[in-house]
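This report describes the surroundings of a ligand and the strands of a protein model.

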Amino acid sequence: MMFSIETRVTAPSPLARLASAHRAQRRVGRRRIGASASRVGPAPESETERLNQKFGIPGSVSFSNGRGGLPRCALTHKNGRTAEVYLFGACVTSWTQPTGDDALYVRPDCVWDKTKPLAGGAPLCFPQFGPGPMQQHGFARNVDWEVIGTSADVNPDDPEPAVMLRLRPNAYTKAMWDEPFEATYEVTLRRELLKLEFCVKNCAEEGGKAFDFTAAVHTYIEVTDCANAGVFARGLKGKTYLDKAIDANNPPRKTQDGRDVFFGLELVDRVYLDTEPETLLHVGSGAAVAVENTAGWTDTVIWNPHHNMKEYYKNFCCVESAAVGKPVVLQPGEVWRAETNLSVVDVN
Ligand SMILES: O=P(O)(O)OC[C@H]1O[C@@H](O)[C@H](O)[C@@H](O)[C@@H]1O
């Protein structure tokens, strides 16, 4: 099932019908390793045709040119859910429910010509969650990732389409961060979950150097209107946070006293430290999106730009799975694995 981003941007559909359509799900499924599906056929005429021949799985995984002609991968579940991943930035730009509603939000100012990172969906921040010495949020969201595998469950009643992407150093990334890393990102469309698995390896030989980094999956979630009292983030009470709204470079530490984080009154830009695995973003329609960090991520960033983006800040809030408070340190040969699962839950 394909969908139109233009439609979503001009007429936001804030999960209005999800509340009745979906029951709370907390299923954490078994891990599957992406296996590449080789196809034999005539020589491909375009990059997306090559990708389809090599990695396409009929009915489950396909490649096409998306906005701005950028290659994207579409994952389709038999239950009607879909996800879309652009190879530029390994950015998940859409996760639709059987109703057709999209849980993610792409900003109307998103440009699709690679001059900037894609603004919306779930961009990847690596190897720096900004600000810092590198460009804001690092380079991972500014470069093309390579497809290295796809898979779909062999059980035809419950295929779980997945795509795995890889990023290795190139001249552009080395100019900013000259470390021997390899990053992979696997996006799996499970029955009710969208699973995002990000791994980083230090490829230095034994006796080489350790490196460190910060990172995040910067998930934009669509809401009815962030000024609505029914829109809030829950699960952060009692946590310490860095208040970037006051000073992004030198944020003061505060404590979350209230049960919920509300939006719409002022800029909210907070790095909550050592958070619980799950944060729920109530979207104002009787549904919530659960952002569940099941491995690797230690922190949760909550961001709503308020009047910095006057025209559309009401339509989304970001709940970001992050490793910011303490940078991840990787010794030669070590791999860091981080996993986020998104699900839509009924909170009526
Ligand atoms: O505009 P960008 O680079 O995508 O960043 C958007 C926001 O991303 C959030 O993660 C940061 O906490 C904010 O400080 C920042 O403004």
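The shell around the ligand consists of three nonpolar, three polar and three charged residues; here Ala, Val, Leu, Ile, Met, Phe, Trp, Tyr, Cys and Pro count as nonpolar, Asp, Glu, Lys and Arg as charged, and the others, Gly among them, as polar. The ligand is surrounded by Gln-136, His-137, His-218, Lys-244, Ala-248, Asp-269, Val-301, Trp-303 and Glu-320, a residue being near a molecule if its C-beta atom, placed from the backbone, lies within 6 Å of it.

The model is predicted: local features need pLDDT of at least 70, side-chain atom pairs count only at pLDDT 80 or more, and totals for chains, interfaces and linings use all residues. Residues are numbered from 1 along each chain as its sequence is written.

Two of the shell residues, Asp-269 and Trp-303, are bridge partners, with Trp-303 in β18. Strands (E, at least two residues) are DSSP runs, numbered from the N terminus. Five of the five residues of β15 are buried, so this strand is largely enclosed by the rest of the structure; buried means that 20 or more other C-beta atoms, placed from the backbone, lie within 10 Å of the residue's own. Val-268, Arg-270 and Tyr-272 cover one side of β15, and Asp-269 and Val-271 the other.

Strands pair if DSSP finds at least two bridges between them.

| Strand | Partner | Bridges |
|---|---|---|
| β12 (residues 240-243) | β15 | three |
| β15 | β18 (residues 299-304) | five |
| β8 (residues 181-189) | β9 (residues 193-202) | nine |

Asp-243 stands opposite Arg-270 in β15, and Leu-189 opposite Leu-194 in β9.

Terms used
Helix = DSSP H or I, 4+ residues; strand = E, 2+ residues; numbered from the N terminus. Buried ≥ 20, exposed ≤ 12 C-beta atoms within 10 Å, placed from the backbone.
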